[in-house]
Amino acid sequence: MIRKFKLGDHLDLKPNKYSNIGDISDVFFDDTFIKHTLDDNGEIKCIMCWKQYLPKHYAVFFLMPDLIEIKHAKALKRFINKTISEIKPKSCVTYSFDCGMLNKWHKFFGFQQQRRSLLEQANGFNTWLIKWV
């Protein structure tokens, strides 16, 4: 079930090595971020965070464990599609390490990889974007 984030959910998530909660812990106390939790009978499977940085333009990121079941991936995709239809964004952007597993997740959720800047290439990051006209 996907529900609004409750303070403390991040403490119960067993994140993958790319979801470093300690580096972003201030996000959980920041009301300018929209946060939701995928909770499967008390087990936290994902925390989704996004923030509007310009009108109708959002920066997004997900905190996930190493393994996620198909039912969870489908629930996330349905939730994303529902949220998109409600808020009608012009774009969503995210950044991630250049990693096969993460690249597959971004493609699954509908993001397209953008041309990498020299800075991103040097640091091994990708920029991913979804745009709506």
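The sulfur of Cys-49 lies 8.5 Å from the closest cysteine sulfur, in Cys-46, which is too far for a bond. The model is predicted, so local features need pLDDT of at least 70 and side-chain atom pairs count only at pLDDT 80 or more, while totals for chains, interfaces and linings use all residues. Residues are numbered from 1 along each chain as its sequence is written, and side-chain values use heavy atoms, with hydrogens and water left out.

**Cysteines**

A disulfide is a covalent bond between the sulfur atoms of two cysteines. Here it is taken as a pair of cysteine sulfur atoms within 2.5 Å, and the structure holds zero of them. Cys-99 is in no disulfide either; its nearest cysteine sulfur, that of Cys-46, is 16 Å away. Cys-49 is buried, at 0% relative accessibility, and Cys-99 is buried as well, at 13%. Buried means under 20% relative accessible area, exposed means over 50%, and partly exposed lies in between (1.4 Å probe, protein chains only).

Seven strands form an open sheet with mixed pairing, in the order 1-2-3-4-5-7-6. Strand 1 (2-4) and strand 6 (112-113) stand at the edges with a single partner strand each, so one side of each has no neighbour in the sheet. Strands (E, at least two residues) and helices (H or I, at least four) are DSSP runs, numbered from the N terminus. Two strands pair if DSSP finds at least two bridges between them.

| Strands | Direction | Bridges |
|---|---|---|
| strand 3 (residues 43-54) and strand 4 (residues 57-63) | antiparallel | seven |
| strand 4 and strand 5 | parallel | three |
| strand 5 and strand 7 (residues 125-131) | antiparallel | seven |

Trp-50 has Val-60 in strand 4 as its bridge partner. The hairpin of strand 3 and strand 4 has two residues between the strands, and in it Lys-56 takes a positive phi near 70°. Tyr-58 stands opposite Cys-92 in strand 5, and Ser-91 stands opposite Lys-131 in strand 7. Strand 4, helix 2 (residues 70-87) and strand 5 make a right-handed β-α-β unit. Right-handed means that, with the strands pointing away from the viewer, the path from the first strand over the helix to the second runs clockwise.

**Tyr-95**

Is Tyr-95, in this model, buried or exposed? Tyr-95 is exposed, with a relative accessible area of 53%. The residue lies in strand 5 (residues 91-97).
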